[in-house]
Amino acid sequence: MMPSPPAPPPASTGPVLRDIHLPPAPPWWPPAPGWWLLAALVLLGCIALAWLWRRQRRLQQRRRQWLDELEHHAQRHVRDGDDAELAAALQQLLRRVARIHDGAATQQRGAAWHATLARVPVQPATLTRLVALESAMYRPRGALDAPAVLAAARAWLHAAARPRAWKRVASEPEHV
C-alpha cells in the first residue's frame with residue numbers, strides 16, 4: 001500500500017484574527033478633574049492654616065508685649081512705690097488695648113469707660129478695680145491696692161487679647 005498523501009489544509013471560513021492586545025496605559029498628565037479639585041482644596045487648606053498660624057502668633061506676641069509692659073510697671077512700682085504713677089501707667093495701657101476694639105476708648109470717662117472695660121468678660125470685682133484706676137491717679141500715696149490692681153489688669157489683658165472674647169456693642173436703632 002502506498003502511503004496516502006497529506007491532507008490538504010482546511011479552508012478558512014472567516015477573517016484571520018490577531019491575538020488580543022490591550023490599549024495603552026492612560027497618561028499621568030493631565031490628571032482627572034477630581035485630582036484638580038483635591039489639589040485646590042489642599043492648597044486652600046494650607047493657606048487657611050498659614051493665616052490662622054500667623055494670626056495666632058500675632059495675638060500671642062501682642063499679649064506677651066502687653067504683659068511685659070505690665071510687669072515693667074509692676075517692677076517700677078516696687079522700686080518707686082508711686083501709686084499715682086502706677087495707676088496712670090495702667091490706665092494708659094488699658095486704654096491702648098481697648099482702642100483696638102473701640103476707637104473712642106482713649107477719650108471715654110466714667111460709665112462709658114466702664115462699659116468699654118465690661119465688653120471683656122471678666123469678674124465684676126476685676127472691673128471695679130480697673131474703673132477705680134481713673135480716680136486713683138489723683139489720690140495720695142497708699143490709697144491703691146497695687147497687687148490687686150495688677151492682678152485685675154493682668155486678668156483683663158489676658159481676656160482682652162482674644163478678639164472673640166470682646167462683646168459686641170449694641171448699636172442704636174437709626175431714626176428714619
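Predicted model: local features only at pLDDT ≥ 70, side-chain atom pairs only at ≥ 80, totals over all residues.
Buried means under 20% relative accessible area. Arg-95, with a relative accessible area of 8%, is therefore buried.

**View 1. Arg-95 sits in helix α2.** The side chain is charged by class, yet Arg-95 is buried, at 8% relative accessible area. What does Arg-95 touch, not counting residues up to four places away in sequence? Its partners are Ala-105, Thr-106, Gln-107, Gln-108, Arg-109, Trp-113 and Glu-134.

**View 2. The whole chain is built from six helices and zero strands.** From the N terminus on, the elements run α-α-α-α-α-α. The chain has 176 residues, and 26% of them count as buried. Take the contacts in the chain with a separation of 6 or more: residues 24 or more positions apart account for 64% of these.

**View 3. Helices α1 and α2 cross at roughly 175°.** Their axes come within 9 Å. The two helices are therefore roughly antiparallel to each other. On the α1 side, the contact is made by Trp-66, Glu-69, Leu-70, His-73, Arg-76, His-77 and Asp-80. On the α2 side stand Asp-83, Glu-85, Leu-86, Ala-89, Leu-90, Leu-93, Arg-96 and Val-97. By class, the residues of this contact divide into seven nonpolar, two polar and six charged.

**View 4. Asp-83 is found in helix α2.** Is Asp-83 buried or exposed? Asp-83 has a relative accessible area of 6%, so it is buried. Asp-83 is also among the α2 residues that make the contact with α1. Now look across to Arg-139. Asp-83 and Arg-139 are 56 residues apart in sequence, while their C-alpha atoms are 8.2 Å apart in space.

**View 5. Ala-87 has its place in helix α2.** Its relative accessibility is 0%, so Ala-87 counts as buried. Which residues is Ala-87 in contact with, leaving aside its neighbours within four places in sequence? They are Leu-133, Ala-136, Met-137 and Leu-144. Leu-130 is 43 residues from Ala-87 in sequence. C-alpha to C-alpha, Ala-87 and Leu-130 are 9.2 Å apart.

**View 6. Helices α4 and α6 pack at an angle of about 115°.** Helix α4 covers residues 124–131, and helix α6 covers residues 146–160. Their axes lie 9 Å apart. The angle makes α4 roughly perpendicular to α6. The crossing of α4 past α6 is left-handed. From α4, Thr-126, Arg-129 and Leu-130 take part. They meet Ala-148, Val-149, Ala-152, Ala-153 and Trp-156 in α6. Six residues of this contact are nonpolar, one is polar and one is charged.

**View 7. The largest nonpolar core holds 31 residues.** In soluble globular proteins, nonpolar side chains tend to be buried together. Which residues of this core touch the most other members? They are Leu-70, Leu-90, Leu-130, Leu-133, Trp-156 and Leu-157. The elements that give two or more residues to the core are α1 (33–80), α2 (83–99), α3 (110–118), α4, α5 (133–136) and α6. Helix α6 gives the most, with nine residues.

**View 8. A close-up on Trp-156 shows its partners.** Trp-156 belongs to the α6 side of the contact with α4. Not counting residues up to four places away in sequence, Trp-156 touches Leu-94, Val-97, Ala-98, Leu-117, Val-120, Val-122, Leu-130 and Trp-166. Val-97 is in the contact of α1 with α2, and Leu-130 is in the contact of α4 with α6.

Methods. Residues numbered from 1 in each chain as written. Heavy atoms only, no water. Axes fitted to C-alpha atoms, helices over the stretch in contact; angles between N-to-C directions. Helix = DSSP H or I, 4+ residues; strand = E, 2+ residues; numbered from the N terminus. Parallel < 35°, antiparallel > 145°, perpendicular 65-115°, else oblique. Left-handed = near helix turned anticlockwise from the far one by under 90°. Contact = heavy atoms within 4.5 Å. Core = buried A, V, L, I, M, F, W, Y, C linked by side-chain atoms within 4.5 Å. Buried < 20%, exposed > 50% of the residue type's maximum accessible area, 1.4 Å probe, protein only.
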